[in-house]
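Hi everyone, thanks for having me.

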Amino acid sequence: MLKLSPAEKGLKGTIEVPGDKSISHRSVMFASVAEGRTTVENFLPGADCLSTIACFQKLGVTIERHGNRVVVEGKGWNGLEEPKTVLDTGNSGTTTRLMLGILAGRPFHSVIIGDDSIARRPMNRVTKPLRDMGAHIDGRENGNFTPLSVRGGALRPIDYRMPVASAQVKSAVLLAGLQAEGITRIHELQPTRDHTERMIRAFGGSVETDGKTVAVRGGQALNGTDIFVPGDISSAAFFMAAACIVPGSEIILPNVGLNPTRAGIIEVLEKMGASLEVIDRSDTKQGEQKGTVKVRFSALKGVEISGALIPRLIDEIPIIALLATQAEGTTVIKDAQELKVKETNRIDTVVEELKKLGAKIEATEDGMVIEGPNRLLCGAVDSRGDHRIGMMLSVASLICRDAVYLENAEAINVSYPGFFGDLKSVL
Ligand SMILES: O=C(O)C1=C[C@@H](OP(=O)(O)O)[C@@H](O)[C@H](O)C1
Ligand SMILES: C=C(OP(=O)(O)O)C(=O)O
């Protein structure tokens with residue numbers, strides 16, 4: 001159990017958060033199926049992205065990592081080989097679902113397993129469209145849960161109307177579509193993060209998008225390239241929130257990814273009245289936006305968050321819930337039922353863990369309602385193996401009346417291995 005003490009003064013300083021998790025996964029996946037060498041700079045060495053590297057190594061791809069620099073020797077789609085052992089995706093939904101899209105078109109057998117959390121997360125959202133495209137996928141409960149076994153092969157394109165707003169589903173179908181003969185078209189329920197689309201273009205491919213529909217032609221050549229991964233806005237969000245709620249704080253976060261399909265947290269903070277500034281905006285070579293975010297302690301007010309905004313901040317909802325406990329008035333989060341199928345049921349875990357600290361928070365069918373501001377107390381809390389819950393509770397401890405004891409803090413390594421070091425640097 002980790003003892004976390006309240007902050008004695010405002011948080012001050014500069015934190016360069018590690019590389020974006022979504023982009024790091026995709027960089028290794030695309031590099032593995034492209035022709036030639038790809039060098040990835042500022043790769044996130046979190047447990048999830050290391051699972052992606054290990055899986056593609058088992059598929060016969062030469063991948064070397066030196067800290068945050070990864071070099072992949074791609075030999076094209078046909079360079080992937082039948083793995084001799086199971087592919088372990090660990091705690092990573094992104095690895096599991098996107099890799100299924102790649103394996104769906106490969107003419108060999110493979111088996112995917114993950115940890116206990118992955119074993120509870122629904123996979124039929126990807127196995128269904130991939131089966132419709134011609135892949136043979138089986139698994140527990142008719143292919144809904146790991147372990148999953150895949151025998152891929154010749155795929156036909158699909159015109160797919162997504163039943164959920166999920167970038168993982170969209171990306172799995174796009175990766176299968178790149179291997180199908182003809183044009184695969186995906187109609188999104190709501191726009192979701194578009195890193196896969198940007199990555200296809202970065203590797204020399206083409207993809208058409210109009211904000212609602214994404215279309216890709218199969219059989220395109222993808223070529224190795226150099227990738228720079230911007231900092232993860234989902235990781236930066238924990239320090240943005242810490243700065244907002246600890247009196248006297250001022251934190252500077254350079255090099256944060258600001259892709260508009262991911263940057264909903266910035267809009268919410270502005271709506272809540274946070275003192276926040278974005279400067280030095282620029283684009284990476286792969287067309288991902290980035291910039292420096294400066295945040296100061298601020299008086300916050302409650303807001304309503306719903307609809308198309310939800311997919312643009314889905315992973316930030318746990319930390320938004322904490323912010324809401326310190327905001328004047330009521331915060332209502334709706335249309336967020338997808339939270340139930342993350343690493344944990346994030347509606348229940350957020351509500352139950354924050355209640356232990358005295359928060360006025362209630363779960364609803366598709367989100368939560370929070371009343372603020374209220375002083376948080378102290379006590380023992382549990383990440384329950386969910387990295388984002390672990391980081392949210394660590395930030396909460398900064399404003400608690402007394403020490404907080406955090407169980408399963410190591411889960412944070414999934415997306416932010418240096419989290420506690422970075423936090424200490426601004427205390
Ligand atoms: O595509 C991605 O990289 C991700 C998409 C989101 O999941 P869904 O697609 O399930 O919404 C997000 O929650 C996850 O952390 C990463
Ligand atoms: C939901 C998450 O990741 P994944 O789906 O890749 O496990 C997350 O990082 O919050």
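Around ligand 2 you can find Lys21, Asp48, Ser92, Gly93, Thr94, Asp315, Lys342, Glu343, Arg388 and Ser415. A residue goes on that list if its C-beta atom, placed from the backbone, lies within 6 Å of the molecule. By class, this shell has no nonpolar, 4 polar and 6 charged residues. For the classes, Ala, Val, Leu, Ile, Met, Phe, Trp, Tyr, Cys and Pro count as nonpolar, Asp, Glu, Lys and Arg as charged, and the others, Gly among them, as polar.

A quick word on what we are looking at: this is a predicted model, where local features need pLDDT of at least 70, side-chain atom pairs count only at pLDDT 80 or more, and totals for chains, interfaces and linings use all residues. Residues are numbered from 1 along each chain as its sequence is written, while chains are lettered from A and ligands numbered from 1 in the order in which they are written.

Now, where does ligand 2 lie? It lies between domain 1 (2-18 + 230-426) and domain 2 (21-228), because both give residues to its shell. Those bounds come from an automatic or database domain assignment.

Helices (H or I, at least four residues) and strands (E, at least two) are DSSP runs, numbered from the N terminus.

Let's step back to the two domains. Their centres, taken over C-alpha atoms, are 28 Å apart. The contact between them takes 21 residues from domain 1 and 26 residues from domain 2. Two residues are in contact if their C-beta atoms, placed from the backbone, lie within 7 Å. On the domain 1 side, we have 7 nonpolar, 8 polar and 6 charged residues.

Next, please find helix H4, residues 124-132. Its buried residues are Val126, Thr127, Pro129 and Leu130. Buried means that 20 or more other C-beta atoms lie within 10 Å of the residue's own, exposed means 12 or fewer, and partly exposed is in between, with C-beta atoms placed from the backbone. Among the elements covering those buried residues are helix H3 (93-103) and helix H6 (167-177). Just after H4, Gly134 has a positive phi of about 120°.

How do H3 and H4 sit together? Their axes come within 10 Å and cross at roughly 5°. That makes H3 roughly parallel to H4, a label for angles under 35 degrees, with over 145 being roughly antiparallel, 65 to 115 roughly perpendicular and the rest oblique. Arg97, Leu100 and Gly101 of H3 meet Val126, Thr127 and Leu130 of H4. These contact residues divide into 3 nonpolar, 2 polar and 1 charged.

Over to helix H9, residues 264-272, where Gly264, Ile265, Ile266, Val268, Leu269 and Met272 are buried. They pack against several elements, including helix H8 (233-245) and strand S16 (275-283). After H9 comes Gly273, with a positive phi near 95°.

One last stop: is Asp210 buried or exposed? Asp210 counts as exposed, because 7 C-beta neighbours lie inside 10 Å. You'll find Asp210 in the loop between strand S12 (207-209) and strand S13 (213-217).

Methods
Axes fitted to C-alpha atoms, helices over the stretch in contact; angles between N-to-C directions.
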